[in-house]
Amino acid sequence: MQTTPNDYAIIRPSDADGGYENSRSDLWLLSALPDPIVAFDPDAAMIVHANAAACRLFGWNDAAQRPLADLVLDTGADTLLNDLRRASVLRRETHVTTKGQLFSVESQRCGSDVARSMIVTIWRGGPSQTTLTPQGDDFVATVSHELRTPLTSVKGALGLALSGAAGPITDKTRSLLDIAHRNVGRLMLLVNDILDLEKMSSGHMAFDMNRADLRDTVAFACEANSTFADEFGVTLDCQIPSEPAMVIFDADRMHQVMTNLISNACKFSHPDGTVRVKLDRKADGAFEISVTDHGIGIPSKAVSSVFDRFNQAGSVHRNRSGSTGLGLAIVKTIIEEHGGTIALSSIEGVGTTVTVAIAPDKADCINRTSKV
Amino acid sequence: MIKLLHVEDDSDIREIALLALQMSDTFIIQQCEDGPSALKCAVEFAPDVLLLDVMMPHMTGPELLTRLRQEPTLSHVPAIFMTARVQMAERRALMDQGAVAVIAKPFDPITLADEIKLAMRPATA
Ligand SMILES: Nc1ncnc2c1ncn2[C@@H]1O[C@H](COP(=O)(O)OP(=O)(O)OP(=O)(O)O)[C@@H](O)[C@H]1O
Ligand SMILES: [Mg+2]
């Protein structure tokens, strides 16, 4: 195949300091690909590269260093921009339409050094693949509706029967209804968790990222879970610093994270135990939330798999119902969506500490991106 | 007594909501299985509050609300959506539609009546 100088010119290293320097053959390869490819610098909220197909699609004659606003989409812009904004290593897929054509856009962060990394998007679909449909959203919404509707009736019917609304019930009947009621609740949790995971892994979970004080979320989570702790005879010791902890995060999702970590710590504590929830700032500026218990711990050979789905680390719950073994898998996904890290250390018979680290709101670039 | 119009396509859920609301002795309840039939009876029934499922065949809850709001006598009736657990963004979108509350499914039949009365308060005050 012949290349012309034009092919090289269409995509060119845009960064004067050579941050994204590519070899000529790499560039040729990119521009020869039939699918549009657009690379973004998430920190600068700029488009840094576009291959020939992308230039054709968007009508650009020069791809270097464009603002995000040049990416004109009919639908799906919010989700795509959300994906671009997130400092995630995960690969995600979004559906957008532009110029009346439907595209499936796959975004992936490239480069190991987060500071210099970029997000590359590959656009598939367009004129030739008209059968492509944005099924992801629909699928989750449909499954969620189909599963929850019968569960709503079952749970409601049992709840009403138990309340005596339909007349008196014998003790034996009550204990049977209790079992059914408890287990339908458990099924509900499972359905919610599975749908959460599905939404997150397919990129359909909308994160509502805002700049806020992490102290409020941590304190609120302790308060909200104190009744649960009481049930296990556990005391929550919430240690919050006096300095604000400003971070860009989704408060609901972070509450979900805290609830899971605190509930785990309580479930696996001994009665009269204490669970310490601590927020503080590390030397590198990141905020760290740790949840420490002095409970049964996790066998060393099981520690590495606690973040897997449906893993229950072989431990004996003090309250088995209401557990799906999906909690930590969801927690890990949420934290990674926030560009944070999570670690668990545990000694069997001594206790467990889970530590979450989240970078502070260092750049306003995220706000800039969101305004596009 | 509070006149409540309940629109829900699932007959089992309709029955449970009916039983739950009858326990409190404060509601006169009219139930419809979809948007079109609700549009037919709403004006005559003149409800004090609307309880609408979101995902329904023929017409979604929000679509139904838009149509009901076009009736002068129904333009200010407080509306409550009932839906499977929603994300914050979806909940906000429903509230932006002019709902006074969004009740998550599965709802608690024991507290349903109180939740509705609580949600109606700012609108009736
Ligand atoms: N603080 C802890 N102490 C001891 N074991 C723990 C602790 N936290 C988690 N584990 C182990 O890891 C497993 C997975 O935890 P995860 O939160 O994912 O699920 P779960 O608590 O069993 O269920 P779910 O959170 O979905 O209701 C638990 O079942 C338990 O075996
Ligand atoms: Mg858990």
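Reader: What share of the 372 residues in chain A is buried?

Author: Buried residues make up 46% of them. Buried means under 20% relative accessible area, exposed over 50%, partly exposed in between, with a 1.4 Å probe and protein chains only. This is a predicted model: local features need pLDDT of at least 70, side-chain atom pairs count only at pLDDT 80 or more, and totals for chains, interfaces and linings use all residues. Residues are numbered from 1 along each chain as its sequence is written, chains are lettered from A and ligands numbered from 1 in the order in which they are written, and side-chain values use heavy atoms, with hydrogens and water left out.

Reader: How many helices and strands in chain A?

Author: Twelve helices and 13 strands. They are DSSP runs numbered from the N terminus: helices are H or I with at least four residues, strands E with at least two.

Reader: Aromatics next. How many pairs over all chains?

Author: A search of the whole structure finds four. Rings of Phe, Tyr and Trp (its six-membered ring) pair if their centres lie within 6.5 Å; planes under 30 degrees apart count as stacked, over 60 as edge-to-face and the rest as tilted. One of the pairs is A:Phe58 with A:Trp60, stacked at 4.8 Å centre to centre with 20 degrees between the planes.

Reader: Is A:Phe58 buried or exposed?

Author: A:Phe58 counts as buried, at 9% relative accessibility. A:Trp60 also counts as buried, at 8%.

Reader: And why is the pair of A:Phe103 and A:Trp123 edge-to-face?

Author: The ring centres are 5.9 Å apart and the planes stand at 70 degrees, so that pair is edge-to-face. It links distant parts of the chain: A:Phe103 is in strand E5 (residues 101-110) of chain A and A:Trp123 in strand E6 (residues 118-125), 20 residues apart. Both A:Phe103 and A:Trp123 are buried. Together with A:Phe58 and A:Trp60, they form one aromatic cluster.

Reader: Switching to chain B. Which residues of H1(B) are buried?

Author: B:Ile13, B:Arg14, B:Ile16, B:Ala17, B:Ala20 and B:Leu21. Seen down the axis of H1(B), they fall within an arc of 165 degrees (taken from the directions from the helix axis to the C-beta atoms), so they line one face of the helix.

Reader: What caps the N-terminal end of H1(B)?

Author: B:Asp10, with a side-chain oxygen 3.1 Å from the backbone nitrogen of B:Asp12. For a polar contact, N or O atoms must be within 3.5 Å; within protein, one must be able to donate a hydrogen and the other to accept it, and residues adjacent in sequence count only if both atoms are side-chain atoms.
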